[in-house]
Amino acid sequence: MPRGSPGSRITAAGATAPACGFGAGRGAGRGLLLDRTGRLSVSGWADRIDHVVDVIDDGDVGEALGAPAVLLRPDGHVAWAGEGQDDLDSHLPKWFGAAIAG
């Protein structure tokens, strides 16, 4: 299974923990959106998902992600990979429930 594909697992081995948001928040029951596009939002899920924008792409990170943006479940498995907000929005409720209005 290619890295960054839904269902695959991304670990800190292929990425620097501070740059990617690995480590901090892992195991806290929160999802993580690694966003190299700088155009995505998880504002309705901010209480359940951390959002790291403009991840430093030093080669290792880009290879680890395999996509412009990756949404990780709390267990580190990829829930979504892509770059479009509409596509991301269609996957968020499946893994993280309904958005909070606000």
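Reply: What follows looks at helix H3 and the sheet it packs on. The model is a predicted one.

The sheet comes first. It is open and built from 4 strands in the order E2-E1-E3-E4, with mixed pairing. Strand E2 (49-53) and strand E4 (78-82) are at the edges; each has a single partner strand, so one side of each has no neighbour in the sheet. From one strand to the next, the twist averages 10°. E4 pairs with strand E3 (residues 69-72) in the antiparallel sense, over 4 bridges. Within this pairing, Val70 has Ala81 in E4 as its bridge partner.

Helix H3 (residues 85-96) packs on this sheet and touches strand E1 (31-35), as well as E2, E3 and E4. The direction of H3 makes about 175° with that of E4. H3 consists of 12 residues, and from its first C-alpha to its last it reaches 16 Å, close to the 16 Å expected at 1.5 Å a residue.

The buried residues of H3 are Leu88, Leu92 and Phe96. These residues lie on the same side of H3 because they cover an arc of only 45° around the axis. The cover over the buried residues of H3 includes E1, E2, E3 and E4. Asp86 and Lys94, on the other side of H3, are exposed.

Finally, the end of the helix. Gly97 follows H3, and its phi is positive, near 80°.

Note on methods: Residues are numbered from 1 along each chain as its sequence is written. This is a predicted model: local features need pLDDT of at least 70, side-chain atom pairs count only at pLDDT 80 or more; totals for chains, interfaces and linings use all residues. Side-chain values use heavy atoms; hydrogens and water are left out. Two strands pair if DSSP finds at least two bridges between them. Helices (H or I, at least four residues) and strands (E, at least two) are DSSP runs, numbered from the N terminus. Axes are lines fitted to C-alpha atoms, for helices over the stretch in contact, and angles run from 0 to 180 degrees between N-to-C directions. Contact means heavy atoms within 4.5 Å. The expected span of a helix is 1.5 Å times one less than its number of residues. Buried means under 20% relative accessible area, exposed over 50%, partly exposed in between (1.4 Å probe, protein chains only). The arc is that of the directions from the helix axis to the C-beta atoms.
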